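I opened this model to look up a few things and note them down.

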Amino acid sequence: MADKSALRAYRGKRDFDRTAEPRGRDGSHGDEPRFVVQIHDASTMHFDFRLQVDNVLKSWSIPKGPSADPHDKRLAMPTEDHPLEYEEFEGVIPEGEYGGGTVIVWDHGTYRPLSHDRRGRPVPFGESLERGHATFWLDGSKLHGGYALTRFREGKDEAWLLVKTDDERARSGDRGTPDPRRARSVRSGRTLRQVAGQG
Ligand code: MN
């Protein structure tokens, strides 16, 4: 069952009479956990990277977005847990509201946890995140292969790095990251500008 308090921070920041973002309801467990990457043209442009863990989407704000190049270490700032339905959110958050700006769903799909302990036994994914290092395999429309999230700073300024694993889905150079202003939604094929125009 959903732990309603898990979404308290998310709900506390938003006025659901004013924003079309979902309020969040009890989640149901699919066979494989989901991931989503949204592009969010807010006060600063960023990518929002979210992984389903139990009934919420664990979330990080990634200024430069994920890279398919294992040499790129992408800063990932943790943000509050989001409801599972947020995976589908694409639209305009009104100006003056929390996160005001346009959102498109850049990529989505499922992931497989890969974290193991020293003896090769699988570690529950939520536990590996709590410990500050989690590895996983993304099966998206755009993102594929292994990635690692690693916490390098704790406390008030907690910060993580998202890095591509050097596997057969790795790509070198700058082909790995999209230009957010030209990128298209995996749901609707629209750009940020096209979504904003209908907002
Ligand atoms: Mn955001």
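I began with burial. His40 and Asp48 are both buried. I kept in mind that the model is a predicted one.

I turned to Arg181. Where is Arg181 found? I located Arg181 in the loop between β9 (159–164) and α3 (192–197). Is Arg181 buried or exposed? Its relative accessible area is 56%, over the 50% cut-off, so I logged Arg181 as exposed. I listed its contacts, leaving aside neighbours within four places in sequence: Asp41, Met45 and Thr191. I also checked Arg181 against His144. The two are 37 residues apart in sequence, and their C-alpha atoms are 22 Å apart in space.

Last, I looked at the largest pocket. I noted about 250 Å³ of space in it. Which elements give two or more residues to its lining? They are β3 (56–62), β4 (73–83) and α2 (125–131). I counted 16 lining residues in the largest pocket. Nearest its centre lie Lys58, Trp60, Asp81, Leu129 and Glu130. I sorted the lining by class and got eight charged, five nonpolar and three polar residues.

Notes:
Residues numbered from 1 in each chain as written. Predicted model: local features only at pLDDT ≥ 70, side-chain atom pairs only at ≥ 80, totals over all residues. Heavy atoms only, no water. Buried < 20%, exposed > 50% of the residue type's maximum accessible area, 1.4 Å probe, protein only. Helix = DSSP H or I, 4+ residues; strand = E, 2+ residues; numbered from the N terminus. Contact = heavy atoms within 4.5 Å. 1 Å grid on protein atoms, 1.4 Å probe; cavity = no way out; pocket = protein on both sides within 12 Å on 5 of 7 lines; lining within 4 Å. Points joined across faces, edges and corners; volume = space filled by probe spheres on them. Nonpolar A, V, L, I, M, F, W, Y, C, P; charged D, E, K, R; others polar.
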